[in-house]
Amino acid sequence: MSERDVIIACDFSGADETMAFLGQFKGRKPFVKIGMELYYSAGPDIVKRIKAAGHKIFLDLKLHDIPNTVKKTMKVLSGLDVDMTNLHAAGTKAMMEAALEGLTRPDGTRPILIAVTQLTSTDEERMRNELLINATLEETVLKYAQNTKEAGLDGIVCSPLEAGMVKEKLGKEFVTVTPGVRFADSAGDDQRRITTPERAREIGSDYIVVGRPITQAEDPVAAYERCVKGFLGE
Ligand code: C5P
């Protein structure tokens with residue numbers, strides 16, 4: 001189901017800016033991540049426009065609600081013909097199973113469905129003091145990943161530095177989608193647990209999600225090609 005690729009996080013606030021950005025790519029059409037900011041400002045229409053321009057789409061809306069609501073929402077999203085979408089594993093296995101059911105089309109096809117385990121902005125102290133979770137961050141990520149697999153989903157979002165451990169525990173086929181990628185010679189921005197495209201390939205990420213190192217680059221197409229070369233070796 002998974003083919004390794006570089007996904008560009010199109011964290012823009014409007015449709016025109018996004019289409020102008022993507023219009024620069026004349027050769028290989030990048031896999032595009034649409035997050036909440038863009039989706040909530042531009043609506044389902046932006047998904048259709050990017051799809052019509054020939055891109056694959058990861059719709060990153062991180063659903064988390066009661067199973068019935070998530071199932072019905074996933075049914076709507078399956079009609080948008082995206083290639084990948086996601087939810088929070090914290091919604092429990094019942095919610096994830098319902099999501100899978102809603103996302104699966106009558107002909108049995110569906111987008112790749114992955115789960116967010118713990119957000120990289122959550123640390124162990126906050127987990128303990130605010131969420132009353134007393135396990136370590138690593139144990140929590142692995143337990144949520146296990147739940148994700150048992151619910152029949154395809155994989156998780158995690159730090160590239162965790163991808164090797166996740167593959168080791170849950171199998172090579174369990175998909176890892178990893179943000180937090182930076183060139184060795186570029187700024188880390190607000191990302192903490194980062195690595196390079198080359199190293200992400202070695203560790204075993206299936207998809208790297210790269211935003212600012214490409215969107216804010218002087219030459220975004222060249223920055224994208226550099227990522228593809230580093231990650232896919234092409
Ligand atoms: O600009 P940058 O490369 O840091 O963008 C990374 C993208 O991945 C952003 O859209 C961010 O919201 C997303 N993301 C992340 N860490 C997570 C989950 C998603 O950075 N744990």
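Hi everyone. When I say that two residues touch, or are in contact, I mean that they have heavy atoms within 4.5 Å. What you see above is a predicted model, so please keep that in mind as we go.

Let's start with Met74. Leaving out residues up to four places away in sequence, Met74 touches Leu63, Thr85, Asn86, Leu87, Ala99, Gly102, Leu103 and Leu113. The largest nonpolar core has 61 residues, and Met74 is among those that touch the most other members, along with Ile34, Val47, Leu59 and Leu87. Helix 11, residues 220-232, gives the most to this core, with six residues.

Now, which residues of helix 4 are buried? They are Val70, Met74, Leu77 and Ser78. Because they cover an arc of only 95 degrees around the axis, they sit on the same side of helix 4. Turn to the other side and you find Lys72, Lys75 and Val76 exposed. The cover over the buried residues includes helix 2, strand 3, strand 4, helix 5 and strand 5.

On to the rings. Across the whole structure there are five aromatic pairs. One of them is Phe25 with Tyr224, edge-to-face, at 5.5 Å centre to centre and 90 degrees between the planes. These two are 199 residues apart, with Phe25 in the loop between helix 1 and strand 2, and Tyr224 in helix 11. Both Phe25 and Tyr224 are buried. Ring pairs also join them with Phe12 and Phe21 into a cluster.

Last, look for two arginines over rings. Arg4 lies over the face of Phe231, 4.5 Å from the ring centre, and Arg226 lies over the face of Phe183, at 4.1 Å.

Definitions and conventions
Residues are numbered from 1 along each chain as its sequence is written. This is a predicted model: local features need pLDDT of at least 70, side-chain atom pairs count only at pLDDT 80 or more; totals for chains, interfaces and linings use all residues. Side-chain values use heavy atoms; hydrogens and water are left out. A nonpolar core is a set of buried Ala, Val, Leu, Ile, Met, Phe, Trp, Tyr and Cys residues joined through side-chain atoms within 4.5 Å. Buried means under 20% relative accessible area, exposed over 50%, partly exposed in between (1.4 Å probe, protein chains only). Helices (H or I, at least four residues) and strands (E, at least two) are DSSP runs, numbered from the N terminus. The arc is that of the directions from the helix axis to the C-beta atoms. Rings of Phe, Tyr and Trp (its six-membered ring) pair if their centres lie within 6.5 Å; planes under 30 degrees apart count as stacked, over 60 as edge-to-face and the rest as tilted. A charge sits over a ring if NZ of Lys or CZ of Arg is within 6 Å of the ring centre and within 35 degrees of the ring normal.
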